[in-house]
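Here is a note for someone opening this entry for the first time. Please keep the model in view while reading the points below.

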Amino acid sequence: MDIRQNRQNFPKKETRKSKKIKPQASLTVEEWKNMNLRRVTEAEVQAEIITWLAGMGLVAFVIPNRGMYDPRTNRYNRVDQHHIAGIPDVAVVLPQGRVAWLEIKRPVGGIVSPAQHSILSLLTQMGHPACVVRSVVEVETFMRSRGLI
């Protein structure tokens, strides 16, 4: 048996192709950026922000207020009456006894609920710096504009 004939009996090696998304000619640069930003989750943005705040020497922590996930309704239900709907995701402890509140959303598509709007308004009326942010850049802009860093 010839070696070349024997090789034909073996399956060819499959090569892995990169799954990187390449910009399509029909998309604008802005549309392509938005398409890739849609894949960023709120948890990823939150981790980035917490890391940046820690690097700035600030104490920041996530407030676990989601409750239990119900796959039938595709929603998180509050575990007990002590969980308050709309509480911001992150609290940032600042010098002189102040606390800043950050409601974190993903860069594209994150929607602020009515409960979140009302809690943020209440916190602001009480004199607490509070806002919705979608990136580290927005956190830095917010903190600097209020003289917090």
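1. Start at K105. A polar atom of the K105 side chain lies 3.2 Å from the backbone oxygen of I111. This is a polar contact, that is, a pair of N or O atoms within 3.5 Å; within protein, one must be able to donate a hydrogen and the other to accept it, and residues adjacent in sequence count only if both atoms are side-chain atoms. K105 is found in the loop between β5 and α4. Helices (H or I, at least four residues) and strands (E, at least two) are DSSP runs, numbered from the N terminus.

2. Is K105 buried or exposed? It counts as buried, because its relative accessibility is 7%. Buried means under 20% relative accessible area, exposed over 50%, and partly exposed in between (1.4 Å probe, protein chains only). Leaving aside neighbours within four places in sequence, K105 is in contact with E42, V45, G110, I111, V112, Q116, V132, V133 and R134. Contact means heavy atoms within 4.5 Å.

3. A word on the source. The model is predicted: local features need pLDDT of at least 70, side-chain atom pairs count only at pLDDT 80 or more, and totals for chains, interfaces and linings use all residues. Residues are numbered from 1 along each chain as its sequence is written, and side-chain values use heavy atoms, with hydrogens and water left out.

4. Now the overall plan. The protein has five helices and six strands. From the N terminus on, the order is α-α-α-β-β-β-β-β-α-β-α. Of its 149 residues, 26% are buried. Among contacts with a separation of 6 or more, 58% join residues 24 or more positions apart. The accessible surface comes to about 11300 Å², and carbon and sulfur atoms hold 55% of it. Accessible areas come from the Shrake-Rupley method with a 1.4 Å probe; for residues, only the protein chains shown count as cover.

5. The sheet is next. Four strands form an open sheet in the order β1-β4-β5-β6, with mixed pairing. Two strands pair if DSSP finds at least two bridges between them. Strands of a sheet pair through backbone hydrogen bonds, either parallel or antiparallel. β1 (59-62) and β6 stand at the edges with a single partner strand each, so one side of each has no neighbour in the sheet. On average, neighbouring strands are turned by 25 degrees against each other, direction ignored.

6. Look at β4 in more detail.

7. Check the turn. β4 and β5 form a hairpin with three residues between them. Q96 sits in this loop, with phi near 65 degrees. Most residues other than glycine have a negative phi. Q96 counts as exposed, because its relative accessibility is 79%.

8. α3 lies across β1, β4, β5 and β6, running at about 155 degrees to β5. α4 (residues 114-125) lies across β5 and β6, at about 140 degrees to β6. Axes are lines fitted to C-alpha atoms, for helices over the stretch in contact, and angles run from 0 to 180 degrees between N-to-C directions.

9. Which residues touch the most other members of the largest nonpolar core? They are I49, L53, V92, L102 and M143, out of 18 residues. Such a core is a set of buried Ala, Val, Leu, Ile, Met, Phe, Trp, Tyr and Cys residues joined through side-chain atoms within 4.5 Å. Two or more residues come from each of α3 (42-55), β4 (90-94), β5 (98-104), β6 (130-133) and α5 (136-145). α5 gives the largest share, four residues. A second, separate core has six residues, including I119, L120, L123 and A130.

10. Finish on α5. V139 lies in this helix and is buried, with a relative accessible area of 0%. Beyond neighbours within four places in sequence, V139 is in contact with I49, W52, L53, L102 and V133. V139 and L102 are 37 residues apart in sequence and 8.2 Å apart in space, C-alpha to C-alpha.
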